[in-house]
Amino acid sequence: MGKKFVLLLLLIVSIVSVQAQTNTKEQKPDTQVEDPDNLAKEYFSQIMGVALSATSNLKLYEFVYDWIGTPYRLGGGTKKGIDCSGFAFELYNKVFSTLIGSNSRNIFSMVNPINKEELKEGDLVFFKIGSRSITHMGVYMGNNKFAHASSSKGVMISDLDEAYWKRYYYKGGRLLAKLRE
């Protein structure tokens, strides 16, 4: 509840501030009050270090923000503890209304592999850490950032260019079109 309250408070303060500034200036016919979605996008850009565009999925960023700091628990799927595939499962279910698999290897079988340069917001990223098979995954957020449930720090945002993630990165993937229908 704390994060949602802070977000709501910041949005309200931002909106009131923009309206107050607009009301104190002589209004021109083409003057527009800033859209609350744009304020939210600016906020998420700042706190997550990801530049959101006009086409960014605000629901995706709200979901990730709400889960940041949730502890890691192997096989978990709740705010009490969640693992990487559970996080991806919950995100896809709530944000995209799409059911995906329950572990990183079977989720990988549901995607079209794509190059790192082709990744788009909402795509999946897969890692092989100390294994010949996929052992970790996350959801791409843009600007080389991805959200995931880290075994050491819980749900967080990391950068694909960090040495650790660069070393173990396997592939990106986009859900097959038929799953998104």
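**The largest pocket and its surroundings**

Analyst: The largest pocket has 19 lining residues, and those nearest its centre are Y72, L74, C84, T135 and H136. This is a predicted model. The volume of the largest pocket is about 270 Å³.

What kinds of residue make up the lining of the largest pocket? Eight are nonpolar, nine are polar and two are charged. Four elements each supply at least two residues of this lining: α4 (84–96), α5 (104–108), β6 (145–150) and α6 (163–168). The largest share comes from β6, with three residues.

Take α4 next. Its 13 residues should span 18 Å at 1.5 Å a residue, and its end C-alpha atoms lie 17 Å apart, which agrees. Which residues of α4 are buried? They are C84, S85, G86, F87, A88, E90, L91, Y92 and V95. C84, then, is one of the buried residues of α4, and C84 is also among the residues nearest the centre of the largest pocket. An α-helix has 3.6 residues a turn, so residues three or four places apart point the same way.

Just after α4 comes S97, with a positive phi of about 50 degrees. S97 lies in the loop between α4 and α5. Is S97 buried or exposed? S97 is exposed, because its relative accessible area is 65%, over the 50% cut-off.

N143 also has a positive phi, near 50 degrees, and is a residue other than glycine. Its place is the loop between β5 and β6. N143 counts as partly exposed because its relative accessibility is 45%. Why point out these phi values? Most residues other than glycine have a negative phi.

Another loop, between β4 (124–127) and β5 (136–142), holds K128. K128 is partly exposed, at 25% relative accessible area. K128 and R167 are 39 residues apart along the chain, yet their C-alpha atoms are separated by 9.1 Å.

Now the aromatic rings. The structure holds 12 aromatic pairs. Which residues do ring pairs link into a cluster? F127, F146, Y164, W165, Y168 and Y169. One member of that cluster, Y169, has the charged end of K116 over its ring, 4.4 Å from the ring centre. Elsewhere, K79 lies over the face of W67, at 5.0 Å from the ring centre.

Key. Residues numbered from 1 in each chain as written. Predicted model: local features only at pLDDT ≥ 70, side-chain atom pairs only at ≥ 80, totals over all residues. Heavy atoms only, no water. Phe/Tyr/Trp six-rings, centres within 6.5 Å; stacked < 30°, edge-to-face > 60°. Lys NZ or Arg CZ within 6 Å of the ring centre and 35° of its normal. 1 Å grid on protein atoms, 1.4 Å probe; cavity = no way out; pocket = protein on both sides within 12 Å on 5 of 7 lines; lining within 4 Å. Points joined across faces, edges and corners; volume = space filled by probe spheres on them. Nonpolar A, V, L, I, M, F, W, Y, C, P; charged D, E, K, R; others polar. Expected span 1.5 Å × (residues − 1). Buried < 20%, exposed > 50% of the residue type's maximum accessible area, 1.4 Å probe, protein only.
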